[in-house]
Amino acid sequence: MRLDDHPTVKKVRNGKSPAAQIPRDESGAIKADWLRAVCLEAGADDVGFVSVDRPELASQQLEISMRFPRAKTLISIVARMNRGAVQSHTRSIANHEFHEAYDTVNEAGRHVVRKLEDLGIPAVNAIAAFPMEVQTFPGKSWYIAHKPVAEAAGLGKMGLHRNVIHPEFGNFIVLDTIVLEDRVSEESKPLDYNPCVDCKLCVAACPVEAIGPDGSFNFSACYTHNYRDFLGGFLDWSEELAAATSKQDFRDKVTPGETVALWQSLSFKPNYKAAYCVSVCPAGENVIAPYLEDRIAFADRYVKPLQEMKETIYVLEGSDAEKLVPSRFPSKTPKRVRWTVEASEIFSFLFNLTLTFQRRKAGHLDLTCHLLLTGDAPMEATLKVTQRRLEIEFGKLGTADITITTSPETWMSAFTKQFDLDAALQDEHIGLNGPKDLLQQFLACFPVYGDVS
Ligand code: B12
Ligand code: SF4
């Protein structure tokens with residue numbers, strides 16, 4: 001049969017194109033009002049449109065264009081969470097609400113895509129979070145960062161705790177992005193204020209002080225505790241099991257409760273250990289009234305029970321969290337675990353340093369260090385610690401207080417417990433120009449990498 005005579009071909013050629021049903025403006029762009037209604041009908045609680053070439057998305061454009069070469073617009077959608085559930089001090093209730101909201105936003109995204117696809121417009125739902133490209137672990141596993149898209153789409157701003165706060169719903173939302181291969185008639189504009197009221201309740205509630213009062217974020221503290229039953233936590237569990245010499249040896253390291261918690265995460269959906277920063281946040285028009293009425297009562301109701309809750313807090317050896325838990329939260333018990341985002345090559349290792357930097361341990365250290373790495377692929381970097389923050393840039397920038405010349409392997413081993421700085425200096429594995437105590441102070445700004453003692 002000739003292709004022209006095939007029943008499918010004949011039907012399609014004789015049928016009316018579904019694309020004719022799409023309302024478009026004179027330039028041919030899809031009408032924003034219509035698309036907005038489609039998204040809300042599909043289950044989104046709010047929506048905004050951002051063209052992929054918007055400057056706010058500059059850092060993501062390369063990856064988006066590689067994965068979605070025909071993308072023209074990003075549709076940002078949010079789903080509300082039930083506040084009471086997230087504010088609950090019962091972890092299973094709060095976690096279930098997160099999971100339900102992720103399902104809601106993913107389903108809404110899927111319905112929008114189905115509707116558009118039926119009308120002949122290609123689109124893809126980028127998915128709220130997990131599943132992600134986790135086979136790249138410990139590398140970056142997400143391909144669209146929803147927060148900057150939501151900000152550009154006017155759906156809120158990142159608060160002090162780095163979660164996006166919607167002007168009405170507060171931070172009780174989850175985010176998703178739909179990638180659309182078409183233009184939309186009207187783009188959304190970012191909010192002209194930040195709904196965060198700078199109350200710092202998120203700082204007070206976080207059991208590992210991941211959120212700094214200055215807006216800094218301790219990635220390793222949050223990831224190590226909150227994500228104990230995810231990703232690297234599971235890796236650690238399986239390696240403990242493999243290394244155990246007996247049942248008792250395994251139980252000495254991992255309690256039956258911890259194993260069962262992991263079973264629950266694997267069987268149902270992974271359980272966050274905290275998310276307290278979200279639960280205590282009073283920002284947003286629909287949320288703030290009780291806070292404005294009585295701030296102390298608000299903190300007593302939402303923050304204090306979390307601070308007083310008895311629980312195990314997972315910390316890295318030598319981290320700020322390990323030191324602060326016993327004094328700030330006497331009812332909580334810190335437990336040392338391993339940093340599982342290990343890096344095998346120097347670029348990831350340097351990035352790892354930014355994730356594990358401990359601002360309290362840095363104290364008032366003010367240091368510029370030139371790192372000159374030798375070997376097959378020599379490299380220069382500047383490591384700058386100032387105001388309890390670490391910045392790493394390639395090249396030799398500014399005037400160095402210390403200059404270190406070493407191999408990438410020696411540099412990576414310098415952050416482990418076994419490392420002997422004096423021996424490395426003596427054997428000339430490390431060449432140091434500048435005071436040794438400055439290098440020691442720098443190394444002390446990080447937790448111990450490697451096995452737990
Ligand atoms: C990576 C990630 C995390 C990381 C880093 C968090 C962060 N501040 O970015 C960890 C594991 C710590 C985390 C924790 C949480 N997350 Co999260 N997370 C993501 C994810 C996948 C990407 C985040 C992102 O955009 N980062 C890049 C930029 C925008 O953020 P940044 O702060 O400048 O970058 C930091 C980190 O990302 C990290 N980083 C940057 N690049 C790389 C690369 C690698 C390899 C690694 C390891 C780290 C890393 O370093 C930066 C400085 O700390 C998104 C889902 C998605 N696809 O967008 C959800 C998302 C941001 N998470 C969310 C939530 C709810 C949480 C938690 C509350 C989890 C929970 N339920 O307990 C906590 C809150 C912690 C906090 N206060 O930020 C929601 C936020 C919703 C909202 N209202 O904004 C999102 C949007 C998921 C969703 N679909 O709704 N998360
Ligand atoms: S808890 Fe307070 S400081 Fe933290 S993000 Fe919410 S409003 Fe901002």
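# Close-up views of a predicted model

**View 1. Strand β2 (residues 73-80) and strand β6 (173-180) run antiparallel and are joined by eight bridges.** The model is predicted: local features need pLDDT of at least 70 and side-chain atom pairs count only at pLDDT 80 or more, while totals for chains, interfaces and linings use all residues. Residues are numbered from 1 along each chain as its sequence is written, and chains are lettered from A and ligands numbered from 1 in the order in which they are written. Strands (E, at least two residues) and helices (H or I, at least four) are DSSP runs numbered from the N terminus, and two strands pair if DSSP finds at least two bridges between them. On another pairing, β6 meets β3 in the antiparallel sense over three bridges, with Val124 opposite Val179 of β6.

**View 2. Both faces of β6 are covered.** Eight of the eight residues of β6 are buried (20 or more other C-beta atoms within 10 Å of the residue's own; 12 or fewer is exposed, in between is partly exposed; C-beta atoms are placed from the backbone). Ile173, Leu175, Thr177 and Val179 lie on one side, and Val174, Asp176, Ile178 and Leu180 on the other. In a regular strand the side chains alternate between the two faces of the sheet.

**View 3. Ile127 sits in the loop between β3 (123-125) and α6.** Ile127 counts as buried because it has 20 C-beta neighbours inside 10 Å. Leaving aside neighbours within four places in sequence, Ile127 is in contact with Asn106 and Asp176 (contact: C-beta atoms, placed from the backbone, within 7 Å). Val105 is 22 residues from Ile127 along the chain, and their C-alpha atoms are separated by 8.3 Å.

**View 4. Ligand 1 has 33 residues around it.** A residue is near a molecule if its C-beta atom, placed from the backbone, lies within 6 Å of it. Ala145, Val164, Val174, Tyr272 and Ala275 come nearest to ligand 1. At least two residues of this shell are supplied by each of α6 (146-152), β6 (173-180), α8 (219-226) and α12 (276-279). By class, the shell holds 23 nonpolar, six polar and four charged residues (nonpolar: Ala, Val, Leu, Ile, Met, Phe, Trp, Tyr, Cys and Pro; charged: Asp, Glu, Lys and Arg; polar: the others, Gly among them). Domain 1 (16-180) and domain 2 (201-337) each give at least three residues to the shell around ligand 1; domain bounds come from an automatic or database domain assignment.

**View 5. Ligand 2 is surrounded by 14 residues.** The closest to ligand 2 are Gly159, Cys196, Cys199, Cys202 and Cys281. The shell around ligand 2 divides into 10 nonpolar, two polar and two charged residues. Here too, domain 1 and domain 2 each contribute at least three residues.

**View 6. Five strands form an open sheet of mixed pairing, in the order β11-β10-β9-β12-β13.** The edge strands, β11 (389-394) and β13 (430-433), each pair on one side only. Neighbouring strands are turned by 20 degrees against each other on average, direction ignored. Helix α17 (residues 346-356) packs on the sheet and touches β9, β10 and β11; its direction makes about 155 degrees with that of β11 (axes are lines fitted to C-alpha atoms, for helices over the stretch in contact, and angles run from 0 to 180 degrees between N-to-C directions).

**View 7. Strand β9 (residues 367-373) runs antiparallel to β10 (residues 379-386), with seven bridges, and parallel to β12 (residues 402-406), with five bridges.** His370 has Thr382 of β10 as its bridge partner. Leu372 stands opposite Glu380 in β10 and opposite Thr405 in β12. The β9-β10 hairpin has five residues between the strands, and Gly375 takes a positive phi near 110 degrees.

**View 8. Domain 2 and domain 3 have C-alpha centres 30 Å apart.** Their contact takes seven residues from domain 2 and eight residues from domain 3. The side of domain 2 that touches domain 3 has one nonpolar, five polar and one charged residues. The protein chain is divided into domain 1 (16-180), domain 2 (201-337) and domain 3 (346-443).

Key:
Contact = placed C-beta atoms within 7 Å.
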